[in-house]
Amino acid sequence: MPKLTRKTYDQRLTSMRSLMEQSRLDALIFTSADFFQWATNFHVDVQTWERPIFVVVPLTGAPFAVMNELSTSHMRFAKERNTVWLEDVAYYLEHPRVTDRMPLVTELPEMVAARLRSAGLSASRIGVDAMSSPLAKAAALLPDAKIVSMTAPLRSLRWVKNDEELEVMRAACSLSDWIQERYRENIRPGRLVQELDYQMASLMVEEGARRFPGENLEVLRCWTLSGPASASPHGDGASCGARISAGDGLVNIVIPRLNGIVIENERTWFCGKPNAEQARFYEVARAANAAALDAAVTGAPVSGIDAAAQAVIEKADCGQYIRHRTGHGMGIMGHEYPEDMAFNHRPLQTGEVYSAEPGIYVFGLGGFRLDDSVVVGPTPEVMTTTPKTLEYATIN
């Protein structure tokens, strides 16, 4: 069963402590949901602006966390399944309690400061992924401590995926390919677009239950744009009641999140034979996608992925129809670091994972986009395998 184990935790902890040593830090504090999960394998169940959370990873000693009481049972379930990499958790209350007194949310800064003091970190250099108001107030209670922003260096620790992460991603990609085939079987004129997507999401849940019983599968998106609406990458804001028409091109997005890791699989379909203009734009998008995938080579620049796709589109005299970069990193979040693909010229590293999703958007006609999840290597590994020929994309 594809999942992350203590092997991944040990690798991440080693990378964190190596960064601490290089930066002369005594600890790291994570306050954002994605970094909290990356450090603990706990799938955060709160909005952190509403219910702040903290995990402290010392240079020496065991990590510890401060969390909202809402997560109490969730954390207990995770510990019983032995999926979370954290033992020491203290909770604060978000409502007054007369008995069994515990710290209140109004006392959160004092609670965090006290936990840092008890860990011997009251006069330490502490790196943070992001500063929050409660953490800033806690730091003010520890005048001898120094808080250091480490956002960019910490993000770099998430670029390269290990073998366990890649296995989870491959399993999620396989499920997404299965769903794309179900889309192909179910697209027809007159069908409500939203109803189609909800059926596909339901099928993903059923198939996921068969493949991954007891694991954490989330359907982040089964979303389709049909006809002229697909000329806007994120829709026209009027999806309710939209139906598929004969002759429509459809751009869909399939995004599962398996055991906390996200992949993407997007295709363009045609409800009936595409006209010559649709066919031309589709083939340009397909060629741009292929060029982007071929550019995901170890040692080549990150920006080369975007540049390769753009060159194809520009050569076809379609540059005016580009509305976004070619892709982005993937991992715990759907849009993972680095987010500046087109302007990031550092060398790609083996094991990074990107979406390759160049798009062409022609107002009044529709969008044309194919998106694959690709692993960087001496030879790139394309994890999504749904066919992309025009013949396959045409549903008669």
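Modeller: A pocket, on a 1 Å grid over the protein atoms alone, is an open set of points with protein on both sides within 12 Å along at least five of seven lines, whereas a cavity is a set where a 1.4 Å probe fits but cannot get out, and lining residues have an atom within 4 Å of a point. Points are joined across faces, edges and corners, and a volume is the space filled by probe spheres set on them. The model is predicted, so local features need pLDDT of at least 70 and side-chain atom pairs count only at pLDDT 80 or more, while totals for chains, interfaces and linings use all residues. Residues are numbered from 1 along each chain as its sequence is written, and side-chain values use heavy atoms, with hydrogens and water left out.

The largest pocket has a volume of about 350 Å³. Its lining is made by 17 residues, and those that lie nearest the centre are N41, R81, T83, E215 and N259. Helix α3 (residues 72–81) gives the largest share of this lining, with 3 residues; helices (H or I, at least four residues) and strands (E, at least two) are DSSP runs numbered from the N terminus. Sorted by class, the lining of the largest pocket holds 4 nonpolar, 9 polar and 4 charged residues, where Ala, Val, Leu, Ile, Met, Phe, Trp, Tyr, Cys and Pro count as nonpolar, Asp, Glu, Lys and Arg as charged, and the others, Gly among them, as polar.

The largest cavity contains about 40 Å³ of space, and the residues around it are I29, F54, V56, F64, A65, V66, V112, R115 and L116. Two or more of these lining residues come from each of β2 (54–58), β3 (64–68) and α4 (108–118). In the lining of the largest cavity, 8 residues are nonpolar, 1 is charged and there are no polar ones.

The second largest cavity has a volume of about 30 Å³ and is lined by G227, S230, G249, Q278, L365, G366, G367 and F368. Strand β13 (residues 366–369) contributes the most to this lining, namely 3 residues. By class, the lining of the second largest cavity has 6 polar and 2 nonpolar residues, with no charged ones.

F368, one of the residues lining the second largest cavity, also belongs to an aromatic cluster together with F270, F281, Y282 and Y321. Rings of Phe, Tyr and Trp (its six-membered ring) pair if their centres lie within 6.5 Å, and planes under 30 degrees apart count as stacked, over 60 as edge-to-face and the rest as tilted. The count by this rule is 11 aromatic pairs. F35 and W38 make an edge-to-face pair, because their ring centres are 6.1 Å apart and their planes stand at 85 degrees. Both residues lie in helix α2 (residues 33–40), where a separation of 3 residues is about one turn of the helix. F35 has a relative accessible area of 2% and W38 one of 3%, so each is buried (under 20%, with exposed over 50% and partly exposed in between; 1.4 Å probe, protein chains only).

F35 also pairs with Y337 in a stacked arrangement, at 6.4 Å centre to centre and 20 degrees between the planes. This pair links distant parts of the chain, since F35 is in helix α2 and Y337, 302 residues apart from it, is in the loop between α10 (303–315) and β11 (353–356). Y337, like F35, is buried.
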